[in-house]
Amino acid sequence: PHEKSIKRLKDKIRKITNRNIGISMEIRIERLNFLIIGWVNYFKIADMKAKLKAIDKWTRRRLRACL
């Protein structure tokens, strides 16, 4: 995927994992799963293993910050 697509994904993840929004972790994780599964299914043909690992690490760090 193009860098612009990855940037848009990260912006959406930032919006969901914003610490100032008062939603439960279950709802956050549910929304993240919906977003990431849809994004991966859209780009499933692409070779993006390294980029997905980096996004995964970054997302997990943001979720830990929410806790």
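Predicted model: local features only at pLDDT ≥ 70, side-chain atom pairs only at ≥ 80, totals over all residues.
Local features here need pLDDT of at least 70 and side-chain atom pairs count only at pLDDT 80 or more, while totals for chains, interfaces and linings use all residues. Residues are numbered from 1 along each chain as its sequence is written, and side-chain values use heavy atoms, with hydrogens and water left out.

**View 1. Helix H1 packs with helix H3.**
H1 covers residues 3-16 and H3 covers residues 49-66 (helices are DSSP runs of H or I with at least four residues, numbered from the N terminus). Their axes sit 11 Å apart at an angle of about 15° (axes are lines fitted to C-alpha atoms over the stretch in contact, and angles run from 0 to 180 degrees between N-to-C directions). So H1 is roughly parallel to H3 (that label is for angles under 35 degrees). Who's touching whom? On the H1 side look for Glu3, Ile6, Leu9, Lys10, Ile13 and Arg14, and on the H3 side for Lys51, Ile55, Trp58, Thr59 and Arg62 (contact means heavy atoms within 4.5 Å).

Not counting residues up to four places away in sequence, Thr59 touches Ile13 and Leu32.

**View 2. Ser5 belongs to helix H1.**
Ser5 counts as buried too, at 11% relative accessibility. Setting aside neighbours within four places in sequence, Ser5 is in contact with Trp39 and Phe43.

Terms used. Helix = DSSP H or I, 4+ residues; strand = E, 2+ residues; numbered from the N terminus. Parallel < 35°, antiparallel > 145°, perpendicular 65-115°, else oblique. Buried < 20%, exposed > 50% of the residue type's maximum accessible area, 1.4 Å probe, protein only.
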